[in-house]
Amino acid sequence: MRRAGLVRAWRAARRRGLGGRAAAGEAVRAAAAAVPVPVRRLLVHEARVTASLVRWVARRPHGVGPGDAPVAYAGGQAALVYGLLFAVVVETAVLGVLLARWPVAHAVVLVLDAWSVLLVLGFQAACAVRPHVVGADGSLRVRYGALVDVAVPAGSVAAVRVERRFASGRPVEVADGVLDLAVGGQTTVTVELAAPVEVVRPLGGRERARVLRLYAEDPRAAVAALRAGTGTGTGAGLR
């Protein structure tokens, strides 16, 4: 059925006068549009995680241009992530011994555990190569791996300060106009905006936030870079 839908979309595009390549592209886009948004988001996330592993090995951060200041946050969760990775490896070794008599079950579990290892490494890689970014033009890009990417236009930052807060909810939380991007259960920098920005949740839901709370490994350096780029001065106070 899916192949038949692609063919019908391709033929419809051809009847409208599009060339073969353009018609194929439109057919693929039409098929993608029919996939539920959460599924599309998950597929895109998987692709970005895989690409992040390559960037991590090559030491090529994503979205950091000349004059931009990257703000690292992945170190705040490294112990937790690598602890989880160790647990997965130990589980793989133990199950390998227990399932040695059943080759098919052993192979299935091995594949699943290997995929789990790649996902854990990819998650950490995505956080490492996709830092927050203070743009040379005073803009701000707030991210959490390949899950969240919020763009704050230049001139929209009203105040910024070092503020350590402990989060009790999920790593990505939007409530009452406040976006919390907690790493290791805490945030260290609070950014207040002159106007709310759109936040796209990991599964596609959309919210508006006027206060951004994020984690930075060096919060004072992050605040200093943001103030220098946005001209907010020191009125908010470094604490």
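These are my notebook entries on a predicted model of one protein.

**Overview**

I began with the secondary structure. The protein has six helices and nine strands. Next I checked burial. Of the 239 residues, 34% are buried. I then looked at contacts between residues at least 6 apart in sequence. Among these, 65% join residues at least 24 apart.

**The four-stranded sheet**

I traced the sheet that starts with β1. Four strands make up this open sheet, in the order β1-β2-β3-β4. Their pairing is antiparallel. Which strands stand at the edges? I found β1 (69-71) and β4 (148-152) there. Each has a single partner strand, so one side of each lacks a neighbour in the sheet. I also looked up the twist, which averages 15° from one strand to the next.

I then took one pairing on its own. Strand β3 covers residues 140-144 and pairs with β4 in the antiparallel sense. I noted five bridges between β3 and β4.

**Helices α4 and α5**

I turned to the helix pair. Helix α4 spans residues 78-98, and helix α5 spans residues 103-129. Their axes come within 10 Å and cross at roughly 170°. Angles over 145 degrees count as roughly antiparallel, and α4 and α5 are therefore roughly antiparallel to each other.

Which residues of α4 and α5 meet? On the α4 side I listed A78, V81, Y82, L84, L85, V88, V89, E91, T92, L95 and G96. On the α5 side I listed H106, V109, L110, D113, S116, V117, V120, L121, F123 and Q124. I sorted the contact by class: 14 residues are nonpolar, five are polar and two are charged.

**Aromatic rings**

F123 sent me to the rings. I found two aromatic pairs. One of them joins F123 and Y144. Their ring centres are 5.9 Å apart, with 75° between the planes. Planes over 60 degrees apart count as edge-to-face, and this pair is edge-to-face. F123 sits in helix α5 and Y144 in strand β3, so noted as distant parts of the chain, 21 residues apart.

Y144 is buried, at a relative accessible area of 6%. The cut-off for buried is under 20%.

Strand β6 holds residues 172-175, and strand β7 holds residues 178-181. The two pair in the antiparallel sense over four bridges. E173 stands opposite D180 in β7. Two residues lie between the strands, and D176 takes a positive phi near 55°.

Which residues of β6 are on the covered face? I noted V172 and V174 there. E173 and A175 make up the uncovered face. I checked A175 by itself. At 38% relative accessibility, A175 counts as partly exposed. E207 is 32 residues away in sequence. The C-alpha atoms of A175 and E207 are 8.7 Å apart in space.

Technical notes. Residues numbered from 1 in each chain as written. Predicted model: local features only at pLDDT ≥ 70, side-chain atom pairs only at ≥ 80, totals over all residues. Heavy atoms only, no water. Pairing = 2+ DSSP bridges. Axes fitted to C-alpha atoms, helices over the stretch in contact; angles between N-to-C directions. Phe/Tyr/Trp six-rings, centres within 6.5 Å; stacked < 30°, edge-to-face > 60°. Buried < 20%, exposed > 50% of the residue type's maximum accessible area, 1.4 Å probe, protein only. Parallel < 35°, antiparallel > 145°, perpendicular 65-115°, else oblique. Contact = heavy atoms within 4.5 Å. Nonpolar A, V, L, I, M, F, W, Y, C, P; charged D, E, K, R; others polar.
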